[in-house]
Every structure is written in C-alpha cells, then in structure tokens.
Amino acid sequence: MGLHFHRNPDGTTTGRNEANGFTVTHADEEEVKRQLYEDAGWEYTPPPPPVPPGFHRFSLVHDEFRASGFEDERYAGLRARPPEGCVPVDWGCFALECERPGKTLMDAVAGTVADIRREHGLVMNSLGVEKPQEWFDADDKNGYAAKIVAHLVLMAADRARLLGYGRKDVVRLLDATGIE
C-alpha cells in the first residue's frame with residue numbers, strides 16, 4: 001500500500017491511497033495526511049509545534065554500513081553531553097533530534113555537525129531521510145527540501161571520504177557546478 005502526496009499549483013495538497021483509490025484535496029497539508037492515514041488504518045501523529053524564530057528542527061544520524069547500535073561505546077560522550085538543543089534517540093543506530101539556532105537550516109546543521117566533530121570526534125553523516133527523491137517544498141529554503149539537501153551533502157561527504165576523496169575533491173566538484 002502506498003500513500004502519495006502532491007502539492008498543486010493552487011497551493012492545495014492532494015493525497016491518494018493507492019490501495020483503494022481514496023483521494024482527498026485540501027488547503028491544509030496536514031489535514032490531507034490525517035485523512036489518508038485514517039483511511040489506511042494507520043495512526044496519525046500531528047507535527048510538533050513550530051520552533052521559535054531563528055531555530056530549526058532536524059535529526060542527525062550516525063549512519064554506518066557496519067552494524068553499530070545506539071549503545072555503541074563511541075557514542076557514550078555524546079549520549080552524556082549532547083549539543084545544547086539536541087536529544088539522543090535510538091533509531092536502531094545513534095541519532096540526535098535537534099532544535100538549534102541558525103540563520104538557515106543549513107547553518108544550523110553545519111554548526112551542529114562541526115560542534116559534534118570538535119567535541120566528540122564523530123562526524124554525523126545523515127539527516128535520516130529515507131526517500132530523498134520525494135520532496136514537496138522546493139520553494140522553502142528551510143523546509144523539507146533543505147533537509148534533503150543537507151542530508152545528501154552529508155552523505156556525499158561521508159561516502160567520498162570512505163572512497164579516499166578529500167575535501168578539495170568534493171569542493172572542486174561543487175565549484176564545477178557553478179553554484180554561487
């Protein structure tokens with residue numbers, strides 16, 4: 001069974017339950033999600049309240065190919081002294097749920113990753129995004145699309161390191177795209 005969501009040009013959101021064809025369109029994206037979850041027989045959990053201005057909510061994950069769980073010894077210091085605004089969580093791997101300050105979401109993520117690397121010697125390499133190709137809000141610099149970008153950059157940096165590429169190699173590739 002699959003639930004699919006689409007933002008329409010008029011600002012409404014349409015959701016469809018592929019299993020039975022149930023379709024709903026509404027101005028409130030969360031209402032669409034609630035109705036689809038109800039139709040599918042799934043529990044719906046509303047989103048948390050918005051963060052204060054200048055803060056961003058995100059998760060950071062230490063995602064490795066080698067199996068290591070939340071209780072791994074490498075995370076002891078980070079479990080005991082997480083960055084301010086972050087809470088350690090067990091997602092079957094080590095993760096932090098954070099509400100941190102930053103001019104943008106990318107600033108908040110970058111600052112948190114740098115703090116963790118400096119204080120604990122650990123590079124968080126994911127935002128825990130499961131399907132990065134599925135995004136809605138390409139117009140919102142601090143929304144879900146920004147989480148996808150941060151996730152992919154962290155993942156790419158980590159994978160490049162595993163392959164033996166360095167910072168200069170990654171920066172050269174970014175520079176070659178011409179982004180300013």
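**Figure 1. Surroundings of Gly128 in the predicted model.** In this predicted model, Gly128 touches Val61, Trp91 and His151, leaving aside residues up to four places away in sequence. Gly128 belongs to the loop between H3 and H4. With a relative accessibility of 33%, Gly128 counts as partly exposed, because that class covers values between 20% and 50%. The C-alpha atom of Gly128 is separated by 14 Å from that of Phe70, and the two residues are 58 residues apart along the chain.

Figure 2. Phe70 lies in the loop between S4 and helix H2 (76-80), whereas Phe94 lies in strand S6, so the pair ties together parts that are 24 residues apart in sequence. Phe70 and Phe94 are both buried. The ring of Phe70 also has a charged group over it: the charged end of Arg79 sits there, 5.7 Å from the ring centre.

**Figure 3. The aromatic cluster of Tyr37, Trp42 and Tyr44.** These three residues, Tyr37, Trp42 and Tyr44, form one aromatic cluster. A pair of aromatic rings is described by the distance of the centres and the angle of the planes.

**Figure 4. The largest nonpolar core and the contacts of Phe58.** In soluble globular proteins, nonpolar side chains tend to be buried together. The largest nonpolar core of this model has 22 residues, and those that touch the most other members are Phe58, Leu60, Leu96, Val109, Met124 and Leu127. Two or more residues of this core come from each of strand S4 (55-62), strand S6 (94-101), helix H3 (105-120) and helix H4 (144-163). The greatest contribution is that of H3, with five residues. Leaving aside residues up to four places away in sequence, Phe58 touches Leu96, Glu97, Cys98, Arg100, Leu105, Ala108, Val109, Thr112, Leu127 and Lys147.

Figure 5. S4 and S6 run antiparallel and are joined by eight bridges. Phe55 has Pro101 as its bridge partner in S6.

Figure 6. Strands of a sheet pair through backbone hydrogen bonds, either parallel or antiparallel. The open sheet shown here has three strands in the order S1-S2-S3, and their pairing is antiparallel. Strand S1 (3-7) and strand S3 (23-26) are the edge strands, each pairing on one side only. From one strand to the next, the twist averages 15 degrees. Strand S2 (residues 13-17) and S3 run antiparallel and are joined by four bridges. Thr23 in S3 is the bridge partner of Arg16. Helix H1 (residues 29-40) lies across S1, S2 and S3, running at about 10 degrees to S2.

**Figure 7. Overall context of the close-up views.** The protein has five helices and six strands, which follow the pattern β-β-β-α-β-α-β-β-α-α-α when read along the sequence. Taken along the principal axes, the C-alpha atoms fill a box of roughly 50 × 40 × 35 Å. Buried residues make up 31% of the 180 residues of the protein. Of the contacts with a separation of 6 or more, 46% are between residues 24 or more positions apart.

Methods:
Residues numbered from 1 in each chain as written. Predicted model: local features only at pLDDT ≥ 70, side-chain atom pairs only at ≥ 80, totals over all residues. Heavy atoms only, no water. Core = buried A, V, L, I, M, F, W, Y, C linked by side-chain atoms within 4.5 Å. Buried < 20%, exposed > 50% of the residue type's maximum accessible area, 1.4 Å probe, protein only. Contact = heavy atoms within 4.5 Å. Phe/Tyr/Trp six-rings, centres within 6.5 Å; stacked < 30°, edge-to-face > 60°. Lys NZ or Arg CZ within 6 Å of the ring centre and 35° of its normal. Pairing = 2+ DSSP bridges. Axes fitted to C-alpha atoms, helices over the stretch in contact; angles between N-to-C directions.
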